[in-house]
Amino acid sequence: MSDLAQVRPAMKISQIRIYHLRAPLKTPFGFSQWTFHSRETTLVSLHTDSGHVGWGEAYGPPLPILATLQQISGPAILGRDPRDVESTWAYLYARTIDYGQKGPHVAALSAIDIACWDLKSRIADQPLYRHLGAAHTESIPCYATGLYFRNTGNLETELCEEAAQYADEGFTAVKMKVGLGIDTDTRLVRSVRRTLGEGVRLMIDANHCYTTVEAIELGRRLDDCHLGWFEEPTSPLDIAGYREIRSRLNVPIAGGECEQTRFGFAPWLEGRALDYLQPDLCQCGGITEGLKIAAIAA
């Protein structure tokens, strides 16, 4: 025991600080479900008795997440060693499993977990990818997420100008929002496709606004656009609907942004309902759970 103590001195989380950040937008923007007039997020910083600080983020409505962090999850981690990410995750999840298997409680857990991993990296003085076993690389392929809806003029012109800007900046893939109706979506996607040319990959994201029948019709109309994927075509509660859409379209189907934990993702994988899983580490359970989701996906 004394040898272990020399290798790894004891360390405790001594304080958690919670931040609700909000910035009003000069130009509101939206997608199929609603319009944003401000951007908000919830950050946490974990402070240890050794002087180290780690940061994490939670995705979702700030107020219930803040309440969870302030009243339940935050006080529960005081005195724990932040390097024990697995045991800390299991401890926090077990404390809320009666009423928080999904939702703000898991988002709050995600922020704490990310902060613990950040602490582990800082303590080891190494980047996070080394802890995760990833290989060093000079670059990774990225796509530009944008092309939201704005009421500032001619939407078709604005979307094409924005898409052209991404292409000029060197992006080889772009994702645009859809959900304004099948006819309107078809026209806008085709315009953006022509603007980008065949050298830039194009994906679409409906944010689960369509029925299964509508999503299939839109996907068929856009078949000749050679889309990279069709993201969240229908409700994230309808796994059977996703399976049907996937079986009847040529375009790959993506989703999972609204899903949480390995337990939530397992039915999607078992049912082969998605081609691309898209867990959000800020709400699916953090890095610890993200690794498990990736493992079962593999």
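**Pockets and a helix pair**

Mentor: Let us begin with the second largest pocket of this predicted model, whose volume is about 230 Å³.

Trainee: Which helix gives the largest share of the lining of the second largest pocket?

Mentor: The lining of this second largest pocket is made by 16 residues, and those nearest its centre are K102, P236, L237, E259 and W268. Two helices, α9 (239-248) and α10 (261-270), each supply at least two residues of that lining. The largest share is four residues, and the helix that gives them is α10.

Trainee: Which element gives the most to the lining of the largest pocket?

Mentor: The largest pocket holds about 1000 Å³ of space, and among its 37 lining residues W34, F36, Y59, G60 and E257 lie nearest the centre. Elements that each supply at least two lining residues include the strand β3 (53-58) and the helix α4 (104-124). With six residues, the element that gives the most is β2.

Trainee: At what angle do α6 and α7 pack?

Mentor: Two packed helices are described by the angle between their axes and the distance between the axes. Here α6 covers residues 155-168 and α7 covers residues 182-196, with axes 9 Å apart, and the packing angle is about 35°.

Trainee: How many nonpolar residues does the contact of α6 with α7 have?

Mentor: On the α6 side the contact includes L155, L159 and A163, while α7 brings R187, L188 and V192 among others. By class, two residues of this contact are polar and two are charged, and the number of nonpolar residues is nine.

Terms used
Residues are numbered from 1 along each chain as its sequence is written. This is a predicted model: local features need pLDDT of at least 70, side-chain atom pairs count only at pLDDT 80 or more; totals for chains, interfaces and linings use all residues. Side-chain values use heavy atoms; hydrogens and water are left out. Axes are lines fitted to C-alpha atoms, for helices over the stretch in contact, and angles run from 0 to 180 degrees between N-to-C directions. Contact means heavy atoms within 4.5 Å. Ala, Val, Leu, Ile, Met, Phe, Trp, Tyr, Cys and Pro count as nonpolar, Asp, Glu, Lys and Arg as charged, and the others, Gly among them, as polar. On a 1 Å grid over the protein atoms alone, a cavity is a set of points where a 1.4 Å probe fits but cannot get out, and a pocket is an open set with protein on both sides within 12 Å along at least five of seven lines; lining residues have an atom within 4 Å of a point. Grid points are joined across faces, edges and corners, and a volume is the space filled by probe spheres set on the points.
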